[in-house]
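Student: Please take one part of this model and go through it closely. I would like to look at the salt bridges, and at what each one joins.

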2 protein chains.
Amino acid sequence: MSARLRFSYADLHDTIARGAQQIIASDFRFDVILAIGGGGFIPARILRTYVEKPLIAISLARYHPDQPPSETPHKLQWVEGVNHMITGKRVLLVDEVDDERTTLAYAIEELLQEAPSEIGVFVMHNKLKPKKAEFPASVKHVFVGKDIEDVWVDYPWDARDIRAHERDAAVGGPIEVDEQEARAQYRN
Amino acid sequence: MSARLRFSYADLHDTIARGAQQIIASDFRFDVILAIGGGGFIPARILRTYVEKPLIAISLARYHPDQPPSETPHKLQWVEGVNHMITGKRVLLVDEVDDERTTLAYAIEELLQEAPSEIGVFVMHNKLKPKKAEFPASVKHVFVGKDIEDVWVDYPWDARDIRAHERDAAVGGPIEVDEQEARAQYRN
């Protein structure tokens, strides 16, 4: 058995709406929303409803399909062609979860090569756990939709059976599930 | 008053799941999912749960912020840097709705410049109405999650109040709403 958190789409939409209110109330002004795909696509698109800025995307894969597994994410899609929306601009980088922080820290370090005027971060969820990487000191605006405990999260967009997912999400806390079954029911 | 269709997130997820089953059952094999942002971000990300292919994005805006309104969409983000995933490859282009077909037809015509081996299309919704543009003859695989009547659609990701949206969606058909109120409640 394994403990899992399952959030409904509406819960996550609400979490992002609350995050957006923090962003709006802050002194962080930005020019563009940059989603880190695949995980950041949905949070970034929902966020755009509340903060109306142009939305563009990069896409990072955990592994290169033709190379041995590595700690460094593979850039499936990077910023070629949209550099002018990053260089000298203030960018709000969006991802679904800050887990060990390695992907986010990697993305920020690489984006700093493009000389943005500032990078801010919005994560829908932040897992309360030790991080394996830190944000560079130049990152002064980090917005978190919700802090969550350090358990496995099944997101609705990864569910093969969304009705079953939404029923489980209604419990409102971690549930104990059969691990093998969960792996078959979710893409993650 | 104005007639509006409001779909819940779970309804749309189911619609995309059914579309995915059509794609899998077809003879269309493809190498990459290409989301047309902003609208296609969420459908494409959900689709990826069922068809596990790399996911990349382009982003089209209806208007260029610095230019007068035009019928031609503005390329906020295009395929620079990911051309190698398109040229000679089979691409599944994803958008939320085929309305007048102008955006889709524009995207396809422009993508054909990259010499893909084939372009297929998946739209979550197809509005049953006369189209202002046609797909090029080379597009032989068009998948539709659901045909819908020609009324205004409010998508959940555009809702400022997702709980109110999900309650309205539970009606299961068009609802009559005050137009000004609807405009304040949705981003579209």
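Tutor: What follows is a walk through the salt bridges, with a look at the chains and a helix that they involve.

Keep in mind that this is a predicted model. A search of the whole structure finds 34 salt bridges over all chains. Here are three of them, one by one.

Start inside chain A. Arg6(A) and Asp154(A) pair through their side chains, with 2.8 Å from N to O. Arg6(A) sits in strand 1 (residues 2–6) of chain A, and Asp154(A) in strand 8 (residues 152–154) of chain A, so the bridge ties together parts that are 148 residues apart in sequence. How buried are the partners? Buried means under 20% relative accessible area. Arg6(A) is at 5%, so it counts as buried. Asp154(A) is buried too, with a relative accessible area of 0%.

Next, the bridge between chains. The side chains of Arg163(B) and Asp14(A) form a salt bridge of 2.8 Å, N to O. Arg163(B) belongs to helix 4 (residues 162–169) of chain B, and Asp14(A) to helix 1 (residues 9–25) of chain A, so this pair joins two chains. Arg163(B) is partly exposed, at 35% relative accessible area. Asp14(A) is also partly exposed, at 21%.

Lys127(A) and Asp99(A) meet in a salt bridge of 3.0 Å, N to O. The two are 28 residues apart: Lys127(A) is in strand 6 (residues 118–127) of chain A, and Asp99(A) is in the loop between strand 5 (90–98) and helix 3 (102–112) of chain A. Lys127(A) is buried, with a relative accessible area of 9%. Asp99(A) is partly exposed, at 23%. Shared partners also build a network: salt bridges join Arg4(A), Arg6(A), Asp154(A) and Asp168(A) into one.

Now the two chains as a pair. Chain B can be laid on chain A by a turn of 180 degrees and a shift of 0.0 Å along the axis, with an RMSD of 0.0 Å. The copies are thus related as by a two-fold rotation axis. Of the interface residues of chain B, 100% are also interface residues in chain A, so the copies meet through the same surface.

Last, helix 1 of chain B. Its 17 residues (residues 9–25) should span 24 Å at 1.5 Å a residue, and the end C-alpha atoms are 24 Å apart, which agrees. Buried residues in this helix include Tyr9(B), Leu12(B), His13(B), Ile16(B), Ala20(B) and Ile23(B). In an α-helix, residues three or four places apart point the same way, because there are 3.6 residues a turn.

Definitions and conventions: Residues are numbered from 1 along each chain as its sequence is written. Chains are lettered from A and ligands numbered from 1 in the order in which they are written. This is a predicted model: local features need pLDDT of at least 70, side-chain atom pairs count only at pLDDT 80 or more; totals for chains, interfaces and linings use all residues. Side-chain values use heavy atoms; hydrogens and water are left out. Helices (H or I, at least four residues) and strands (E, at least two) are DSSP runs, numbered from the N terminus. The expected span of a helix is 1.5 Å times one less than its number of residues. Buried means under 20% relative accessible area, exposed over 50%, partly exposed in between (1.4 Å probe, protein chains only). Copies are superposed by least squares on the C-alpha atoms of residues with pLDDT of at least 70 in both. Contact means heavy atoms within 4.5 Å. A salt bridge is a side-chain nitrogen of Lys or Arg within 4 Å of a carboxyl oxygen of Asp or Glu.
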